[in-house]
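Hi everyone, thanks for making time this morning. I'd like to walk you through one model, so please have the sequence and the structure open while I talk.

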Amino acid sequence: HLQGSVSQNLPYERFVAMANLLQQRQDLHASLLAEIAQLRRAPAPTVAVKALQAKERALAKAKLAAGLSSYTGAGIVLTLNDSTMPTQFGVDPNEYLLHDEDLLSVIDDLNSAGAKAISLNGIRLIATSDVHCAGAVVSVGGERTSIPVTILAAGNPAALKKSLDGPAGEIPLLSLYGIRVNLHESSRLTVPAYTPPRAGRG
């Protein structure tokens, strides 16, 4: 399989902007944690209680935006697997395999359709996540997983589905080479929170 990354799939300026935004959100998360700790140590008159509640609501939003909390809501479940179709004469056998650029195109389509949170085989994707394939092994932000892959995307199910299986979507193209696709809408799914890669993994 070829190698790729989100930065290769997006214009460089857009990737840098997304990375900067992610850092700002993570900084905001840390700042809010400190302010909440200070408010909890202070006396608790009505004004302080309301301030604490407001900060906790802002913290929840900051955590979600940075991928630091899970997201539960409607969305889609997409499973992709290599083709079992016999290779045709004159066609590169690699065309029948799932590549990282295929996954990146799917992820980009979902983001463009307004996905609120995305995971791949249980690994939460953030703005700086990279995706690489080597054979059946898929590396996502330093965590290793394998094909087949299951992608959870939270958001408007109809819009997300249309972005993938519409005329300009990635699924019709993958289907030409027999890539196995299972796509369905869900009224309730949970995309897990982002966790840094564990030591010794990746």
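Let me start at one spot: Val137 stands opposite Ser146 in β6. Before I go further, please keep in mind that this is a predicted model. Val137 sits in β5, which covers residues 137-140, and β5 and β6 are paired antiparallel through four bridges. The two strands make a hairpin with two residues between them. Look at the turn, where Gly141 has a positive phi of about 55°.

Now follow β5 to its other partner. Four bridges join β5 to β4, again with the strands antiparallel. Val131, for example, has Val140 in β5 as its bridge partner. Put together, these strands give an open sheet of three, ordered β4-β5-β6, with antiparallel pairing. At the edges are β4 (131-134) and β6 (143-146), each of which pairs on one side only. On average, neighbouring strands here are turned by 25° against each other, direction ignored.

What are the two faces of β6 like? One is covered and carries Glu143 and Thr145. The other, with Arg144 and Ser146, is uncovered.

Let me step back for a moment to the whole protein. We have six helices and eight strands. Reading from the N terminus, the order of elements is α-α-α-β-α-β-β-β-β-β-β-α-α-β. Of the 202 residues, 38% are buried. Among contacts with a separation of 6 or more, 75% are between residues 24 or more positions apart.

On to the other sheet. Five strands form this one, also open, in the order β3-β2-β7-β1-β8, and the pairing is antiparallel. Its edge strands are β3 (123-124) and β8 (180-191), each pairing on one side only. Have a look at β1, residues 71-81, which pairs with β8 in the antiparallel sense over ten bridges. In that pairing, Tyr71 stands opposite Val191 in β8.

Now for the helices. Which strands does α4 lie across? They are β4 and β5, and α4 runs at about 150° to β4. Helix α5, residues 157-165, lies across β1, β7 (149-154) and β8, at about 20° to β1.

Staying with α4 for a minute, this helix has 13 residues. From the first C-alpha to the last, α4 reaches 18 Å, close to the 18 Å expected at 1.5 Å a residue. Its buried residues are Asp100, Asp102, Leu103, Leu104, Val106, Ile107, Asp108 and Leu110. Just after α4 comes Gly114, with a positive phi of about 95°.

How do α4 and α5 meet? Their axes come within 9 Å and cross at roughly 140°. The contact brings together Val106, Asp109 and Leu110 from α4 with Leu160, Ser163 and Leu164 from α5. As for handedness, α4 passes α5 in a right-handed crossing.

I'd like to zoom in on one of those contact residues. Leaving out residues up to four places away in sequence, Ser163 touches Asp109, Leu110, Ala113, Gly169 and Glu170.

My last stop is Ala115, which you'll find in the loop between α4 (100-112) and β2 (117-120). Although Ala115 is in a loop, this residue is buried, with a relative accessible area of 17%. Which residues does Ala115 contact, beyond its neighbours within four places in sequence? They are Leu110, Ala154 and Leu160. Leu110 and Leu160 also take part in the contact between α4 and α5.

Terms used:
Residues are numbered from 1 along each chain as its sequence is written. This is a predicted model: local features need pLDDT of at least 70, side-chain atom pairs count only at pLDDT 80 or more; totals for chains, interfaces and linings use all residues. Side-chain values use heavy atoms; hydrogens and water are left out. Buried means under 20% relative accessible area, exposed over 50%, partly exposed in between (1.4 Å probe, protein chains only). Contact means heavy atoms within 4.5 Å. Two strands pair if DSSP finds at least two bridges between them. Axes are lines fitted to C-alpha atoms, for helices over the stretch in contact, and angles run from 0 to 180 degrees between N-to-C directions. The expected span of a helix is 1.5 Å times one less than its number of residues. A crossing is left-handed if the near helix is turned anticlockwise from the far one by less than a right angle, and right-handed if clockwise.
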